[in-house]
Amino acid sequence: MKIIVVGGAGYIGSHAVKQLIENGDEVIVIDSLETGHRESVPQNIPFYQVDIRNKEALKAVFEKETVDGVIHFAANSLVGESMTNPLKYYNNNVTGTETLLEVLIETGVKNIVFSSTAATYGEVTEMPILESTPTSPTNTYGETKLAIEKMLKWTHKAHDLNYVCLRYFNVAGADASGTIGEAHTTETHLIPLILQVPLGQRPHITVFGTDYPTKDGTCIRDYIHITDLVNAHILALQYLMNGGESNIFNLGSNTGYSVLEMIEAARAVTGHPIPMEIGERRAGDPALLIASSEKAKKVLGWTPQYTDIKYIIASAWKWHQSHPNGYKGE
Ligand code: UFG
């Protein structure tokens, strides 16, 4: 396959690029480098530093490169920031994707795999979450991703453009090589923050709330390894190229771990006591989020392999230990 990966220099995008190359696919990367890292993408493949809102520059790339499909990761993705600066999210995520879709239609690209999120569901009481569970986002980030899903639905009805939306649960871990991984300037995710303690970068991890209606009072999440997640994108693209109908799939491991269980597992992996403090609830955090990924397994033939939480944390630990400051200094 010849693929353009939009947002290919981000955490998830860079893992997709690596896996596609290893599979023998031809890969072209577009990234604005607003939050991505040039160092996370091999130097020997075509790379275009283009913002998806810049239609002229974007179209020039698609006119030069004829591809079988697009995987679209480019977005702002901080839930907290999306609440204080909602228009930034509408502008980059929604307007940016609208521009991308115009270019795809004008240049005849027929297949797109889109990076969506469990944040499209909002507060859900019945677990596990199915694709048919009603969507009601509780933050702007999830709302913009849902708006894009709907934009894809209507665009597909009017034009010859097929899509798969993949709703991610908690993506974690790093490639087994330890050469690429999660490196955000503003880090908000649990596993990298826990690992900053054994790295000596923070004195303790703060647990956001212990009064949730869960077994130990802390929030439960469904963690999915990045390699499994990326595999689903490749299967989704093959599915579209084989004539599969436009669709939406959850990507999770169908298993939930509490914040306390995650800290305990990180202690076992790192051999560090990882002191913790109990803090207030973080606004907008649902108590429980667990996916049913049966549909992706059935329709795409997806089989997650790295479901052991200790492996997930160990792969992140390998990356953070060898790159304590992310890509800085590479
Ligand atoms: N947490 C802590 N302490 C911290 C950081 C996180 O206790 O220092 C807790 C959170 O309260 C939450 C859990 O750890 O209960 C996981 O938090 P993350 O920030 O790692 O992940 P979220 O579940 O909040 O967010 C993830 C994705 C988002 C997506 C969301 C959908 O990262 O992109 O799921 O619900 F929008």
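Which residue caps the N-terminal end of H10? Asp 308 does, with a side-chain oxygen 3.0 Å from the backbone nitrogen of Lys 310. The model is predicted: local features need pLDDT of at least 70, side-chain atom pairs count only at pLDDT 80 or more, and totals for chains, interfaces and linings use all residues. Residues are numbered from 1 along each chain as its sequence is written, and side-chain values use heavy atoms, with hydrogens and water left out.

**Helix H10**
- Helices (H or I, at least four residues) and strands (E, at least two) are DSSP runs, numbered from the N terminus.
- H10 covers residues 309–322, and its end C-alpha atoms are 20 Å apart, which agrees with the 20 Å that its 14 residues should span; the expected span is 1.5 Å times one less than the number of residues.
- Buried residues (under 20% relative accessible area, 1.4 Å probe, protein chains only) in H10 are Ile 309, Ile 312, Ile 313, Ser 315, Ala 316, Trp 317, Trp 319 and His 320.
- The cover over these buried residues includes strands E7 (170–172), E10 (223–225) and E12 (257–258), along with helices H6 (190–195) and H8 (259–270).

**Helix H7**
- H7 (residues 226–241) reaches 23 Å from its first C-alpha to its last, close to the 22 Å expected for 16 residues.
- Of those 16 residues, 12 are buried, and H7 is mostly covered.
- Among the buried residues of H7 are Asp 228, His 233 and Tyr 239.
- Gly 243 follows H7 and has a positive phi, near 95°.

**Packing of H4 and H5**
- The axes of H4 (residues 86–107) and H5 (residues 140–158) come within 9 Å and cross at roughly 20°; axes are lines fitted to C-alpha atoms over the stretch in contact, with angles from 0 to 180 degrees between N-to-C directions.
- That angle makes H4 roughly parallel to H5 (under 35 degrees).
- The contact (heavy atoms within 4.5 Å) involves residues including Tyr 89, Tyr 90 and Leu 101 of H4 and Tyr 141, Ile 148 and Met 151 of H5.

**Tyr 212**
- Tyr 212 lies in the loop between strands E8 (205–208) and E9 (220–221).
- The relative accessible area of Tyr 212 is 6%, so Tyr 212 is buried.
- Beyond neighbours within four places in sequence, Tyr 212 contacts Gly 217, Thr 218, Cys 219, Arg 281, Arg 282, Asp 285 and Ala 287.
- Val 50 is 162 residues from Tyr 212 along the chain, and their C-alpha atoms are separated by 43 Å.

Methods. Buried < 20%, exposed > 50% of the residue type's maximum accessible area, 1.4 Å probe, protein only. Polar contact = N/O pair within 3.5 Å; in protein donor to acceptor, adjacent residues only side chain to side chain. Parallel < 35°, antiparallel > 145°, perpendicular 65-115°, else oblique.
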